[in-house]
Amino acid sequence: MIKTILIGLAALYLVGCGNLAPSTPTNQTLQSFYDYQLYSENGQLYSLSQLAEQVQNADVILVGEWHTHTGIHRFQTDLLAELLATNSDIALSMEQFSRDAQPIVDQYLAGKIGEQPLITQANAWPNYPSDYRPLIELAKANQLEVIAANAPRSIVRCVGRQGTAYLDKLSAEKRAWVASEINTQASPYKSKFMQSMHHGEPEQTEKQFAAQMTWDETMAESIVQYLSSHPNQKVMHIAGKFHVEDGLGTKASILRRNPALKVLVITPTENPTRDASDLQLHVLPPPERYIQQENRIKAYQAMSHHRSGLECEM
């Protein structure tokens, strides 16, 4: 339903010259999952330093990802390091931590707790040590603020079962962990989401979209609120590709709250084109998750069984 995950602290160069655009971008120089290339919307090859120059005109940089893709996670950390080298007024925003975990994240960044309490008490994603540790440690070493931008997964899942009416059942404290406004009206993003769903009754699919929007709206509100109180800062936000690509999802939610903000989007792709709506991060495609239909069905059944046991406030 909801897709969304990061690695690599190495400050290695981005392959290719930024001023030369091949007639047809190819993946010939991508030899491993650590490799990446950056392309503009029209297919021009970019260097990391050129991207950092372009980012100077942006307030928010949304970096999409295929979760656990090593090349993308390496790029994210390389980009943050490059931004730090050119602009210290940067904050890191993450889908991978939710608002209720902000005090724990802050304590870790301040050196008051160790990594294990961060992982357990802040409900870090299972791949935190391999994919997100490099970003957090880079932020910690440079005294950057980290925005725990997301809504708690338990609340998002319950919205997926009961719709946005579930939010009215929450205490004031828990309700503050979610965006004040969840817009589920018709939009290009909603059409895209509905087309991606291949099962379920229409009523349930509507609730699943409400859960998706709970995610996007909360991340957007967290970013806009931070910039409102830190007007001279930039925010680099990482989230799943579906949340940010084509100017939909989180970007649209940000601009609805503050149309004056300049938002730059970078999305991963296995096939760069000359007519993209976002900057393109060229990486090797992830391996196919399922080939045999029976394995796909078993995985869906296991996921459904897990969700059916969720306890939601009544």
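How many nonpolar, polar and charged residues are in the lining of the second largest pocket? The lining has 6 nonpolar, 5 polar and 4 charged residues, where Ala, Val, Leu, Ile, Met, Phe, Trp, Tyr, Cys and Pro count as nonpolar, Asp, Glu, Lys and Arg as charged, and the others, Gly among them, as polar. The model is predicted, with local features needing pLDDT of at least 70 and side-chain atom pairs pLDDT 80 or more, while totals for chains, interfaces and linings use all residues. Residues are numbered from 1 along each chain as its sequence is written, and side-chain values use heavy atoms, leaving out hydrogens and water.

Among the 15 residues lining this pocket, S98, N123, P152, R153 and S154 lie nearest its centre. A pocket here is an open set of points on a 1 Å grid over the protein atoms alone, where a 1.4 Å probe fits, with protein on both sides within 12 Å along at least five of seven lines; lining residues have an atom within 4 Å of a point. Strand β4 (90–98) gives the largest share of the lining, 4 residues.

The structure holds 1 disulfide, a pair of cysteine sulfur atoms within 2.5 Å, and it joins C158 to C312 with an S to S distance of 2.0 Å.

Key: Helices (H or I, at least four residues) and strands (E, at least two) are DSSP runs, numbered from the N terminus.
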